[in-house]
Amino acid sequence: MEVKVWSYLKEYETNKEEIIKAITDVLESGVLILGEKGRELERQYSKYIGTKYAVGCDNGTNAIVLALRALGVGEGDEVITVSNTAIPTVSAIVTTGAIPVFVDINPRTYLMDVTKLEAAITPKTKCIVPVHIFGQCVDMDPLFEVAKKHNLFVLEDVAQAQGAEYKGKKAGSMGNISTTSFYPTKILGTYGDGGMVNMNSKELHDKMKRLRFYGAETTYYAQEQGYNSRLDEIHASILLTKLPHIEEYINRRREIAAIYDRELADTSLILPFVEDYGKHAYYLYVIRHQKRDEIITKLKENNIFANISYPWPIHTMTGYQYLGYKEGDFPETEAAAKEILSLPMYPTLSNEEVMYVCEVIHKILNE
Ligand SMILES: Cc1ncc(COP(=O)(O)O)c(C=O)c1O
């Protein structure tokens with residue numbers, strides 16, 4: 001048996017007719033960009049997460065860049081986030097001209113340690129970007145307390161946590177603005193690139209619509225300096241076939257997580273820690289062990305493909321040395337990066353495949 005770390009093929013085979021129809025509908029409609037499919041997806045996705053407005057973008061990275069710009073973040077401003085995130089969270093901050101400032105993570109959840117936030121604030125701080133990593137929400141109440149006290153914006157990065165909840169609220173509905181990614185592996189992913197920005201403020205909505213369309217409200221006339229970051233109709237149409245099933249996808253992810261939890265409970269692995277303030281959407285099932293590299297190699301020998309998200313904290317990467325951080329600055333982030341691995345996790349995995357992964361892990365750990 002081979003268990004891939006992720007694959008869309010089974011999902012595509014099952015829903016082939018619906019997906020091809022979604023694409024054909026667009027091709028036959030005569031509208032490829034900024035049409036009814038995109039607007040309908042914006043309506044349905046905002047309704048799903050509980051915000052008033054949404055603006056579709058071409059990917060999750062540009063969604064962050066433009067959302068920050070909509071908030072007025074720019075040259076020389078400081079934006080606080082974590083080093084344990086996907087590169088785009090940080091590259092997007094840098095693209096606006098702002099300076100990313102990191103805080104360490106909680107070693108149990110791998111999420112931003114909000115008790116460390118206040119110490120990172122300076123007079124230049126303008127925004128906090130909590131990343132709901134691996135499918136679980138950051139502890140938002142204490143984060144908002146700090147944001148309020150220091151008059152800071154909050155941008156939620158929801159790329160890994162569509163459908164996750166914090167105290168009954170959906171990820172992406174709490175900050176001044178939030179962004180997500182529809183990259184294929186995501187909980188709600190398309191067959192290509194896509195992204196979305198959500199907000200409750202009409203002013204931010206109007207600004208975001210201009211920013212993703214060359215700064216224009218009317219074709220050929222720019223009200224402000226903008227960009228091109230439109231979600232195209234084909235991806236919106238594909239996403240419209242998938243959005244109604246998002247809760248099924250999350251429930252299946254939670255079922256798979258429950259099997260891993262049960263079957264791996266009596267091992268030396270550290271399993272995911274789930275905070276009781278919310279609902280984990282299990283974008284990834286991240287486990288931890290000192291012999292991480294050996295486990296990955298042996299899983300591979302048994303045709304099981306695990307992944308590491310992420311093997312290198314951003315502040316240790318060559319591309320980000322200029323920020324001036326050094327090894328040792330964020331000990332929990334650095335320790336986790338050396339020991340974590342993600343097991344295969346996607347709704348079309350069968351119970352047999354999940355059980356096979358558990359069986360092989362037992363064998364490896366008992367050798
Ligand atoms: C936490 C996080 N933020 C941002 C992004 C960027 O999204 P995209 O790949 O659609 O640009 C991703 C996905 O790769 C991500 O995981």
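Guide: In this predicted model, L27, L32, I33 and L34 form a nonpolar surface patch whose accessible area together is about 340 Å². One of these residues, L32, sits in the loop between α1 (9–29) and α2 (36–49). L32 counts as partly exposed because its relative accessibility is 48%.

The aromatic pairs come next. The structure holds 14 of them. In one, the ring centres of Y12 and Y191 are 6.1 Å apart and the planes stand at 80°, so this pair is edge-to-face. Y12 belongs to helix α1, whereas Y191 lies in the loop between β8 (177–181) and β9 (195–199); the pair therefore ties together parts that are 179 residues apart in sequence. With a relative accessibility of 24%, Y191 counts as partly exposed. Ring pairs also link Y12 and Y191 with W6 and Y8 into a cluster.

Another pair is formed by Y45 and Y48, with ring centres 6.4 Å apart and planes at 45°, so it is tilted. These two tyrosines are 3 residues apart in helix α2, and therefore about one helical turn separates them. Y45 is buried, at a relative accessible area of 1%, and Y48 is buried as well, at 18%.

Just after α4, G97 adopts a positive phi of about 95°.

Technical notes. Residues numbered from 1 in each chain as written. Predicted model: local features only at pLDDT ≥ 70, side-chain atom pairs only at ≥ 80, totals over all residues. Heavy atoms only, no water. Patch = residues over 30% accessible without salt bridge, like charges linked within 9 Å, V, L, I, M, F, W, Y side chains within 5 Å. Areas by Shrake-Rupley, 256 points an atom, 1.4 Å probe, with all protein chains shown as cover. Salt bridge = Lys/Arg side-chain N within 4 Å of Asp/Glu carboxyl O. Helix = DSSP H or I, 4+ residues; strand = E, 2+ residues; numbered from the N terminus. Buried < 20%, exposed > 50% of the residue type's maximum accessible area, 1.4 Å probe, protein only. Phe/Tyr/Trp six-rings, centres within 6.5 Å; stacked < 30°, edge-to-face > 60°.
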